[in-house]
Amino acid sequence: MVQVTTFLLVLSLALVASGLSARKCVLTGQWTNDLGSNMTIGALNGKGEFSGSYHTAVTATTNKIQISPLQGSQHSTNQKSQPTFGFTVNWRFSDSVTVFTGQCFVDEDGREILKTMWLLRSRVNSIKDDWKATMVGINVFTRLHSRE
Ligand SMILES: *[C@@H]1O[C@H](CO)[C@@H](O)[C@H](O)[C@H]1NC(C)=O
């Protein structure tokens, strides 16, 4: 009896451990980042394409922030638990576009985390100002509402 109990205990521990490591990172849902910006990513279609919306907490302009649409795609992925992806945000309140690229990870505690880098292109009036038209940065996203 003791052996059976021990066996079941070891088995269940093994199942929990493999469940954690096999956990998939899923892009669909609501995310928040280190700046307090939020985004919602919709369901992926069969080609890994998605759309969503981005509510930034920060702006390089003095314009009033508006929720802006995003379009992206995840690398073809069915088997992959930590997919790469990219998306474009078309800012509704400025003549600017940001492209993000990143990877969806599951951390040691089983939590999903998006590690991204972005380029923000602002419109300038003349080619002479092209040199200062692009900014680069890093953002880390976690789920706004944990799935636990
Ligand atoms: C992001 O969501 C949180 C929680 O709902 C909210 O407190 C915060 O104001 C939101 N940030 C933006 C930029 O909307």
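Predicted model: local features only at pLDDT ≥ 70, side-chain atom pairs only at ≥ 80, totals over all residues.
Local features need pLDDT of at least 70 and side-chain atom pairs count only at pLDDT 80 or more, while totals for chains, interfaces and linings use all residues. Residues are numbered from 1 along each chain as its sequence is written, and side-chain values use heavy atoms, with hydrogens and water left out.

View 1. Thr56 lies in the loop between strand E3 (49–55) and strand E4 (68–74); strands (E, at least two residues) are DSSP runs numbered from the N terminus. Thr56 is buried, with a relative accessible area of 8%, where buried means under 20% relative accessible area (1.4 Å probe, protein chains only). Its contacts (heavy atoms within 4.5 Å) include Ser37, Ile65, Trp91 and Phe93, not counting residues up to four places away in sequence.

**View 2. Polar contacts of the Thr56 side chain.** A polar contact is a pair of N or O atoms within 3.5 Å; within protein, one must be able to donate a hydrogen and the other to accept it, and residues adjacent in sequence count only if both atoms are side-chain atoms. The side chain of Thr56 makes such a contact with the side chain of Ser37 (3.5 Å). The Thr56 side chain also reaches the backbone oxygen of Val58 at 2.7 Å.

**View 3. Strand E4 and its partners.** Strands pair if DSSP finds at least two bridges between them. E4 pairs with E3 in the antiparallel sense over six bridges, and with strand E5 (residues 84–90) in the antiparallel sense over five bridges. Gly72 in E4 stands opposite Phe50 and opposite Phe87 in E5.

Technical notes. Helix = DSSP H or I, 4+ residues; strand = E, 2+ residues; numbered from the N terminus. Buried < 20%, exposed > 50% of the residue type's maximum accessible area, 1.4 Å probe, protein only.
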